[in-house]
Amino acid sequence: MSAAASTARQDRRQLLIWLLPPLLWFTVFMLIPYCMLFYYSLGSTEYMTFKPGFSPANLIRVFRAEPYLSVLLKSARIGAFTAIGATILAYPVAFCLAFHTRSARAKFVIYLLVIVPWWAAYLVKAYAWKTILGTNGIINALLLDLHIIHEPLTLILYNQFSVVLTLVYIFTPFSILSIYAQLERIPTSIIEASSNLGATTFETLTKIIIPLSLPGVLAGAIITFALATGDFIAPALVGGPDAVMISNVVINLLGVAFDWPMAASIGIVVIGVGTALISVSQYLEHRAQARF
Amino acid sequence: MTPIIEARQLRKHYGGPLAVRDVSLAVNEGEFLSLLGASGSGKTTTLRLIAGLETPTQGTVLFRGRDITNVPVAQRDMRMVFQDFALFPNLTVWENVAFGLRLRINRGRVTSDQIKARVGQYLDTVQLSGHAAKMPHQLSGGQRQRVSLARALVTDPPVVLFDEPLGSLDANMRKVMQLELKRLHRELRKTFIYVTHDQEEAMGLSDRVAVLQDGQLLQLGTPDDIYFRPNCAAVANFIGAANVLQGVAEVAPGRPLGVQLTGGLRLAAADNAAGIANGEAVTIMLRAEQVRIAPAAGNTADGLRAQITERLFLGETVRYELDVPAAGLRLTAIAGGDHLRLSLGDDVIVTVDPRNVRVLPRGAGPRVDA
């Protein structure tokens, strides 16, 4: 055997050694669970015990039997509102960070302020909103003290609005970082060129900066949408009966009803829809991505 | 006539040393003026102050006699061509060129037919008519710079600013674009202010050159002035290859000015004798191509004996570094590449025409204060 061939073989073996841990991880924690999920979704239950089978009945039930489809759509709507809200809040922050923060220290501080809430547990943050929005919460107390209202508002907690609000608060950092990463790529000279050609700040924003930042906006929106749609803590804590989301349904099917095949079917549908959405958004991102 | 652009005592301070130190210059209508200097000389900052992309710490910028120091960039009648082209990556070539005009459509100053005609005309001018629908990233560097040029010219600004526009192009493309810029300037009769670190480019293109160093304007003059009559050693050293030497003037009635160099060598100098006293310390400049060398072997001509310590073949010319042991001097000489084939270590005879020995003015040059 030639020396070159032996080196090539050695290289391949080394590559395999490097790839083994991630491959193993992927197989054990992703591939096998997905297969199991699919396997469970095709089965059925009898007297609260799982019975293996090969029937798509449960998958069809996700679309046919109430409340699955309507809860799924409601979750998607809450996810969409969250994505929109997070984008609206994140854009100015990312813009400031990218273009109006010259000193590295100020940049670091803002960056830190964006990240720091993530050091606190999610549950705590969701609970915080409960104390802000609740009947005896900060907002009601303030409005009562100011004599703007005479009895506590109940409209602001335990509904879809409070869920969206909480989710927006929690997931906005993802949008900020995603939009910021895209804005950061825009060379200063392009903005200077625009104003040099006579564009006002607003014209530069609408004609140049926003179109160029679209891929980041899209990427941020899809992350927040996905995270919010699948959330179960916010609806459980601040949601109330009106804001039950798909993950809460899955939890109930698993832990209360012991209907694993139905839970797995919902999981499969959510994964399928999610994959499709991410593919579409990736395609759009790619199309919107200007090459500098 | 009022200059179209005038900078008065412009100063820019970012923290640290001054980026621009009290630069004053006037640019005439239709002129091609270059700001020449090494990196960090303040040339780009000066241009950006004129464009309004930076605010001066002190000083004023005037446009046709009117103070525009506080006029925003978008309202100044100047267009800039950037070193990195700064094309809008989300717009096609056509849309890039039309950008400035389309902004005016909103303000009712131009119609969409006029835009079509003008954009077409300027794409023609820069020979890019066939590329109108392409995106900037599909073009070569030279083509991108043409787009950026067309984009700047299409709005018909009286002043066009260039920030090292050819800096990111390869050597051949630079030469092509230099000719193109020269042609455009001649045809359009606009005022061009051009920043470059390339002295040949500055000399070749400009009507006048402003030489900057450490934020200061050292000399402003025609390429001829800058080259043959530098006002200080810094300019002489920066432009071309020059021998700048220190010496003491020897003035005697009825005799031409002589300069006793530090090494003991005496040079006759024809020019600029007026006002220099006997025994005064002077700085002289001798252009490298005016240092004549000939093989020493079998040569009986009067001249300095020197030895070649370095030889650089540059194509059209050959650059020689010479060691003159008798005077403890090192000289640079440039000779035509065709007529002399001297080698490293050869002994040569050096002759200098007194008319080419230039005595530099006293007191000029960069200030050393903070």
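Student: How many helices and how many strands are there in chain A?

Tutor: This is a predicted model, in which local features need pLDDT of at least 70 and side-chain atom pairs count only at pLDDT 80 or more, while totals for chains, interfaces and linings use all residues. Residues are numbered from 1 along each chain as its sequence is written, and chains are lettered from A, with ligands numbered from 1, in the order in which they are written.

Chain A has twelve helices and two strands, where helices (H or I, at least four residues) and strands (E, at least two) are DSSP runs numbered from the N terminus. Read from the N terminus, the order of these elements is α-β-β-α-α-α-α-α-α-α-α-α-α-α. The radius of gyration, taken over C-alpha atoms, is 24 Å for chain A, well over the 19 Å that the globule rule gives for 292 residues, so chain A is more spread out than a compact globule; that rule is 2.2 Å times the number of residues to the power 0.38. Along the principal axes, the C-alpha atoms of chain A fill a box of roughly 85 × 70 × 35 Å.

An automatic or database domain assignment gives chain A domain 1 (1–34) and domain 2 (42–288), and the centres of these two domains, taken over C-alpha atoms, are separated by 37 Å.

Turning to the partner chain, 18 residues of chain A are in contact with 17 residues of chain B, contact meaning that C-beta atoms, placed from the backbone, lie within 7 Å. The elements giving two or more residues to this side of chain A are helix H8 (188–196) and helix H9 (201–229) of chain A, and H8(A) gives the most, with six residues.

Terms used:
Contact = placed C-beta atoms within 7 Å.
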